[in-house]
Amino acid sequence: MTAAALTPPDTTSPAAMSEMYRRMFRIRRFEERAARLYADGQIPGFLHLSIGQEASAVGACWPLDDRDVVTSTHRGHGHCIAKGLDVEGMFAELMGRETGTCRGRGGSMHIADPRRGIFGANGIVGAGLPIAVGAGTAAQLRHTGGVVVAFFGDGAVAQGVFHEAVNLAAVWNLPVVFWCENNGYSEFSPAADQHRASLRERAIGYGVEFQAVDGNDVLAVAELQNAIVARVRGGAGPILVEASTYRWHGHYEGDPESYRDATELEEWKQRDPLLVLGATMRAHGLADQLTAIEAQIEAEIADAIEKATAAPYPAPETVADYVTSPRPELPEPPVPETGAWKVMHAVTNALTKELEDDPAVFLAGIDVGKGGNVFALTRGLAQRFPDRVRDTPISESAIMGTAVGAAMAGFKPVVELMYFDFIGVCLDQLMNQAAKMRFMTGGAVSVPLVVRTQFAAGKSSGSQHSQSLEALLAHIPGLTVVMPSTVADTYGLLRAAIQDPNPVVFIENRLLYGMKGPQPPVDHIVPLGKAIVRRPGTDVTVVSYSKPIHDCLAVAERLGAEGLSVEVIDLRTISPLDFDTVLASLRKTNRLVVVHQAVGEFGIGAEIAARAVREGFWHLDAPVIRVTAGTSPAPYTPVLEQLWLPDQQRIEAAIRESYEMRS
């Protein structure tokens, strides 16, 4: 039965009050039994309970239906149950069983079911807020009246993503209800010690409406939320709500709770949401209903625990399942030989083609709309595709989170990170959200997003605008990392990335934007995860990618005139790494040189060298040599920057050194 079918049309009828009590009692018993199972060792990991906060969850979800989405917190069981998640699957998930909601891959802190509009509990405080903005963007683009409720605790207000998410939602007038459950404590610290401005005051600063409600009175919560959701569906824009409530248990199970006294807890227990609604129902002659509901839920919970306990654990051979969505097998297209494009034209035309072909694609980023991108790569697209090419504030975490939420909602966002160096500002949304979401949901969702960014060194851009940081991202399972070097590959790989069902970081070198090359046909598309041999050879294998590939080719051409045959491989996709192509070349040449513009230590070259020694040891007639940037930040002054960068002289010296070594 759908959430819409379960929800009565009002908040005051006997049927409505009975259903609210049923949902709250279900949450209460679920969490009480979860606490016992945890104490008995049947639930591993962390467990954060929301006992005492049931009215907030049930009331906030009361008017929601299948169009709508919720994002949650590490204290998310109540939100999931209130949105319609079944308790048998949830118990199995907490126990780490294969029949769990997320096949045992998420656990309590990451429980989710995107198919039901439950975009997940989240182990990172505040991280669900920008994801909610993405889901709200998807709802706005669909024009079906969908609403997003973003649950967060009072502690999350101190996070930068709170500011970024609320501000972006306000700027875009998104259908998002930001629902703060103020339970008085940010982990161990009283809320009064965490903030000097109230949420009401903050809402004024964002230009959004604020509402407050007694979070322990489910009738008051549901009545308020009914009105709010109706208005948000009609285009009212984001609204910020503060529900005052209290958690009975500690921050986590096992918390010694030395930060509060028993008197405070007992006072709040007199305002137990179940007691409050129960008293109202008794006054309406519904005491028998209460007894019947409690008996039904007791049996439901007992049955769910019995089935979950009997369920199997995931099979060992599935340990690496659901890391990525299966990508289509694409043939390698012919290399174009005619026409003339610049790399910048390849970027613009690839974006245009995908916007034309797929209404699920949209672009967002800083100055990508009216400004047309700092390098003019998106100029004119906002006029051609209004609402689908969107300017954002300078809020990198909100931009990335918007991509995650929109992708989970079925869109294909392409968002821009203006400089690769800024990846640290928003790494959580890529590392802990985009990359892990499919795995943590047991394959229940794909995250088809693209992050376009650019880097370069050699033009005195300084230490914060010159970094080649691909090794950071390649180390994160679930992310695909692409670094093209030619006009045709830029066009074909970018189109493949946008069509791919996985999160892809597409890294361009800005010093290549003006480089010319043959123009690919409009249907040109290049497979991800496949390297290409740019120049065949028999004596030494050189592996590189992005701009340095052109230096490698120039050196190989010169050495070829001397009779030294150099094979040059362009990785194109950094992760997943196509080592098969490298190994096939190594079997032929018996020598390997790796060249990249990133710092050498712990980098891509180190990974290739390690695999060459492990998988190609018997083919090596010389040590693997790496030619990389120096072990320092990028210098500003040209004199030092040129010494820091790998150049043709160093590449040639490495190739000669490798070739001249005799086994």
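**Close-up views of two strand regions**

**View 1. β1 meets β2.** In this predicted model, β1 pairs with strand β2 (residues 148-153) in the parallel sense over 3 bridges. Two strands count as paired if DSSP finds at least two bridges between them. Strands are DSSP runs of E with at least two residues, helices are runs of H or I with at least four, and both are numbered from the N terminus. V70 stands opposite V149 in β2.

**View 2. Helices on the sheet.** Helix α8 (residues 199-206) packs on the sheet and touches β3 (176-182), β6 and β7 (239-244). Contact means heavy atoms within 4.5 Å. The direction of α8 makes about 160° with that of β6. Axes are lines fitted to C-alpha atoms, for helices over the stretch in contact, and angles run from 0 to 180 degrees between N-to-C directions. Helix α9 (residues 218-233) also packs on the sheet, touching β2, β3, β6 and β7.

**View 3. Strand β17 is mostly covered.** In β17 (residues 540-544), 5 of 5 residues are buried, meaning under 20% relative accessible area (1.4 Å probe, protein chains only). V540, V542 and S544 lie on one side, T541 and V543 on the other. In a regular strand, side chains alternate between the two faces of the sheet.

**View 4. Partners of β17.** Strand β18 (residues 566-570) pairs parallel with β17 over 5 bridges. V543 stands opposite I569 in β18. Strand β20 (residues 592-599) runs parallel to β17, joined by 3 bridges. There, V593 is the bridge partner of V542.

**Notes.** Residues are numbered from 1 along each chain as its sequence is written. Local features need pLDDT of at least 70, and side-chain atom pairs count only at pLDDT 80 or more, whereas totals for chains, interfaces and linings use all residues; side-chain values use heavy atoms, leaving out hydrogens and water.

Methods: Buried < 20%, exposed > 50% of the residue type's maximum accessible area, 1.4 Å probe, protein only.
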